[in-house]
Amino acid sequence: MRKQIASFITAFILLLIIYYLIAFSIDETQPSTPVQHFVRTQGTGFVLGDQPFKFIGTNLNLDSLKSLDQKSQKQSIKDLVFNGGLSRILVYRIAVDPNNIIDAFLLDQLVSNCEVYSCYVLVSFDGLSLDDPELYKNRLDPFINKYQKSRAIFAWEVSNGPLRY
């Protein structure tokens, strides 16, 4: 019985050592394959290239980063996207106030890291009212024009609430 327990403990320790060797040998300076295609809809699903695209997504609340300096913000977002990739998170939803320069900077960082690490951003615009469509359009156009060629943009969410008619 003692021999079996000793064998089990030895095997467990070896597995832990192998796990840590693999986990810490990942070179985060070497990105995965950059995003090659836009995600599109096909029927009731999504496709990437010509393959079905199924994903895990998460909402990001980056408010805690707003008090950091830009260098720390950049590193935090890079770490977040890299570690999210290890967890197989492929889509990040971020709420952005188009009038807030810090939100714009954080969005830039998230999009550029997602382009490198092959994941996507769902941009949700906050703080806008649909009551004045022209004002709404004027605030969104700069963002949409800036990222229109980025394959890291999964979707634009322009209203996440009830519409009033």
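I began with G57, which stands opposite V91 in strand β5. Strands here, like helices, are DSSP runs numbered from the N terminus (strands E, at least two residues; helices H or I, at least four). The chain leaves β4, passes through helix α2 (residues 70–86) and reaches β5 in a right-handed β-α-β crossover. Right-handed means that, with the strands pointing away from the viewer, the path from the first strand over the helix to the second runs clockwise.

I noted that the model is predicted: local features need pLDDT of at least 70, side-chain atom pairs count only at pLDDT 80 or more, and totals for chains, interfaces and linings use all residues. Residues are numbered from 1 along each chain as its sequence is written, and side-chain values use heavy atoms, with hydrogens and water left out.

I then looked up the pairing of β4 (residues 56–60) with β5 (residues 89–96), which is parallel over five bridges. Pairing requires at least two DSSP bridges between two strands.

Next I looked for disulfides, meaning cysteine sulfur pairs within 2.5 Å, and the whole structure has zero. C114 is buried at 0% relative accessibility, and C119 is buried at 3%. Buried is under 20% relative accessible area, exposed over 50%, partly exposed in between (1.4 Å probe, protein chains only).

Last, I checked phi. Most residues other than glycine have a negative phi. R88, not a glycine, has a positive phi of about 70°; R88 sits in the loop between α2 and β5 and is exposed at 59%. S118, also not a glycine, has a positive phi of about 55° and lies in the loop between α3 (101–116) and β6 (120–125).
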